[in-house]
Amino acid sequence: MSRARRVLVVGIDGVRLDTLRRVPTPHLDAVADAGFLTPVTVGEETPTMSGPCWATIVTGVRVTKHAVWSNDFSGHRLGVFPDFATRLARQDGRRTYVAAAWEPLVTVADGGPMLRRPTRLTHHAPAADTPAAWEEADASTVRDAVAVLTHEDPEASFVYLGAPDETAHHLGCGDAYEASVAAADRRLGDLLAALRARPCYEDEAWTVLVVTDHGHRDEGGHGGGSPVERTAWLACAGPDITAGARPARPVRHEDVAAQVYAALDRTPDSHWTLDGREVPTVPRGVLLDMDGTLVDTEPLWLEASRAVAAAHGHHLTEEEGAAVLGRTCADTAVALARLCPQPTTVAGLETGLEDAFLAAVEAGVELRPGARALLDRLEREGLPTALVSASPRRVVDTVLRTLGGEVFRTTVADGESDRSKPFPDPYLKAAARLGLPPEACLAVEDSPTGVTAAEAAGCRVLAVPSAAPIAPAPGRRLRTDLTALLREWGPEDRV
């Protein structure tokens with residue numbers, strides 16, 4: 001069963017990036033470790049104030065489009081460029097939820113609301129403009145949000161925490177400010193626990209984004225152009241991102257809304273004229289399948305299987321041929337033994353398959369589109385890379401003479417793990433040899449069998465189907481060929 005995609009965005013106002021390095025924030029760290037945390041530079045044309053920055057974050061367009069230039073939103077163009085919660089609710093009929101204490105975000109105060117028409121709304125205004133009152137308002141906001149996230153089913157949610165920003169304004173960026181940041185992290189932990197407490201959590205694929213709008217001067221305050229005011233950050237984790245990944249390009253605030261749409265598999269309409277884009281990431285390690293992914297050997301394997309089957313009295317149907325793709329010689333031999341009418345042994349079939357396939361490979365193989373460019377780039381960048389194949393070692397070594405084995409820190413062939421694909425063992429072994437957890441690795445596969453193995457190991461998957469179709473799923477990206485991955489990573493000097 002396909003898992004339902006869901007998104008939670010937590011906005012924490014006014015948290016300096018350097019403060020995160022001093023203050024224990026275990027819940028934010030958990031999000032970063034499961035995905036990434038990266039600096040975000042507020043755009044030069046954007047005032048370093050909450051209104052303009054949050055408008056850019058939730059709409060996905062820059063200040064020149066949404067026209068929120070200060071903390072008074074009068075004159076805005078949010079009807080033309082709505083926030084993601086409103087757009088998803090109004091245009092797609094999706095259930096969305098917003099929880100915030102700062103009045104202009106959700107009420108008509110000061111030209112608001114910024115978040116105009118979510119399906120569900122929670123608002124607890126602070127009783128006074130004091131740090132203590134803001135802490136209580138955030139606590140009330142999160143209590144309501146926990147109940148909604150646990151017992152209801154919003155597909156996209158935005159929860160805003162304002163106490164750290166207000167504390168810095170009143171008391172500067174000292175001990176009280178750091179304590180407020182720590183409290184915000186505990187509230188983030190409550191929200192994450194609410195997701196895990198959902199009755200259907202195991203059937204869902206959650207993307208979590210945590211973002212701040214701007215920094216603060218040491219004495220408190222912002223609005224200027226200093227680096228500390230203009231430096232924000234984004235943490236993001238989800239089924240489509242490998243653990244410990246790094247963004248392949250600089251990230252901007254306008255990318256947050258685009259990331260929300262991508263996490264929900266919602267392709268933005270070109271008429272939205274979004275300025276943001278989904279954030280491409282580079283994994284900590286890459287695990288590459290061989291046959292059909294790097295080299296065009298799937299037709300050779302299929303022909304070898306057909307020849308061996310025919311030699312023993314059976315003509316493989318298209319369905320039977322598709323079923324052997326990505327399978328080992330041993331597994332295919334077992335299948336053929338059940339199909340072939342002429343008496344034979346599994347061992348004899350396995351030997352015949354390996355010999356026929358090896359002979360075809362030795363006659364020459366062609367690389368798949370983008371394979372050479374990808375291998376060259378992986379080698380130049382020193383990204384830990386392994387080859388994970390269901391082919392016998394003799395075949396793998398023959399292909400390596402064409403590919404060049406320098407890029408691979410390790411290779412795993414059939415019979416070199418306890419079980420072969422579609423079991424996870426080959427991918428688990430390859431990741432362990434690279435010294436990485438499987439969830440930090442991107443597996444690149446062309447067959448349903450290989451995809452099953454990689455996902456069972458916990459890897460994120462890039463699927464480039466060759467001879468058999470592969471359905472989309474959370475944690476699995478489908479592309480036509482390997483050149484798409486290189487395009488996503490962008491020029492090397494930006495990685």
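View 1. At 11% relative accessibility, Ala67 counts as buried (under 20% relative accessible area; exposed is over 50%, partly exposed in between; 1.4 Å probe, protein chains only). Its phi is positive, about 60°, although Ala67 is not a glycine. Ala67 sits in the loop between α4 (63-66) and α5 (84-92). Helices (H or I, at least four residues) and strands (E, at least two) are DSSP runs, numbered from the N terminus. The model is predicted: local features need pLDDT of at least 70, side-chain atom pairs count only at pLDDT 80 or more, and totals for chains, interfaces and linings use all residues. Residues are numbered from 1 along each chain as its sequence is written, and side-chain values use heavy atoms, with hydrogens and water left out.

**View 2. Asp110 and Pro113 in the loop between α6 and β4.** Asp110 has a positive phi, near 55°, and is not a glycine. With a relative accessible area of 44%, Asp110 is partly exposed. In the loop between α6 (103-106) and β4 (120-123) lies Pro113. A cis peptide bond links Gly112 to Pro113, with omega about 0°. Most residues other than glycine have a negative phi, and most peptide bonds are trans.

**View 3. The cis bond between Lys421 and Pro422.** Omega is about 15° here. Pro422 belongs to the loop between β12 (410-412) and α18 (425-434).

**View 4. The largest cavity.** Five cavities of 30 Å³ or more turn up in a search of the whole structure. On a 1 Å grid over the protein atoms alone, a cavity is a set of points where a 1.4 Å probe fits but cannot get out; lining residues have an atom within 4 Å of a point. Grid points are joined across faces, edges and corners, and a volume is the space filled by probe spheres set on the points. The largest cavity has a volume of about 140 Å³. Its lining has 17 residues; Asp291, Gly326, Arg327, Ala390 and Ser391 lie nearest its centre. By class, five are nonpolar, five polar and seven charged. Ala, Val, Leu, Ile, Met, Phe, Trp, Tyr, Cys and Pro count as nonpolar, Asp, Glu, Lys and Arg as charged, and the others, Gly among them, as polar.

**View 5. The second largest cavity.** Its volume is about 40 Å³. Ile12, Val15, Leu20, Thr25, Leu28, Val181, Asp185 and Trp233 form the lining. Six of these residues are nonpolar, one is polar and one is charged.

Technical notes
On a 1 Å grid over the protein atoms alone, a cavity is a set of points where a 1.4 Å probe fits but cannot get out, and a pocket is an open set with protein on both sides within 12 Å along at least five of seven lines; lining residues have an atom within 4 Å of a point.
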